[in-house]
Amino acid sequence: MTAAFTIRLDDEMLAKLDALAADTDRSRSWIAAKAIESYVELNAWQIEQIKAGLAEADRGEFVTEAELDEIEAEIQAKIHRQ
């Protein structure tokens with residue numbers, strides 16, 4: 001099932017939406033629906049991960065200093081490879 005609703009966009013964003021719709025041969029509605037879908041999925045995932053992290057912290061589950069050093073070394077290696 002789908003439902004329709006109205007959103008308000010300023011002129012600049014509406015122009016960008018129209019240009020994207022024209023460039024991709026899609027409707028405004030299709031692009032807006034996909035954008036909302038992506039936003040909701042991403043933010044729902046982030047909230048889920050935050051809640052899981054808080055639950056781990058509440059249980060006293062933290063990384064050790066050695067694990068943190070290992071993670072930092074991996075990040076530094078990736079930065080230096082770029």
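The text below goes from fold and dimensions to surface and charge, and then to the patch.

This is a predicted model, in which local features need pLDDT of at least 70, side-chain atom pairs count only at pLDDT 80 or more, and totals for chains, interfaces and linings use all residues. Residues are numbered from 1 along each chain as its sequence is written, and side-chain values use heavy atoms, with hydrogens and water left out.

The protein has 3 helices and 0 strands, in the order α-α-α along the sequence. Helices (H or I, at least four residues) and strands (E, at least two) are DSSP runs, numbered from the N terminus. The dimensions are tabulated here.

| Quantity | Value |
|---|---|
| Radius of gyration of the protein | 21 Å |
| Span of the C-alpha trace along its principal axes | about 50 × 35 × 25 Å |

The radius of gyration is taken over C-alpha atoms, and the globule rule is 2.2 Å times the number of residues to the power 0.38.

Of the 82 residues, 5% are buried, meaning under 20% relative accessible area, with exposed over 50% and partly exposed in between (1.4 Å probe, protein chains only). Carbon and sulfur atoms hold 57% of the accessible surface of about 7,700 Å².

Phe5, Ile7, Leu9, Met13, Ile36, Tyr39 and Val40 form a nonpolar surface patch with about 700 Å² of accessible area together. Helix α2 (residues 28–58) gives the most to this patch, with 3 residues. Val40 is found in helix α2 and is partly exposed, at a relative accessible area of 47%. Patch members have over 30% relative accessible area and no salt bridge, and nonpolar side chains (Val, Leu, Ile, Met, Phe, Trp, Tyr) are joined within 5 Å. A salt bridge is a side-chain nitrogen of Lys or Arg within 4 Å of a carboxyl oxygen of Asp or Glu. Accessible areas come from the Shrake-Rupley method with a 1.4 Å probe.

Methods: Patch = residues over 30% accessible without salt bridge, like charges linked within 9 Å, V, L, I, M, F, W, Y side chains within 5 Å.
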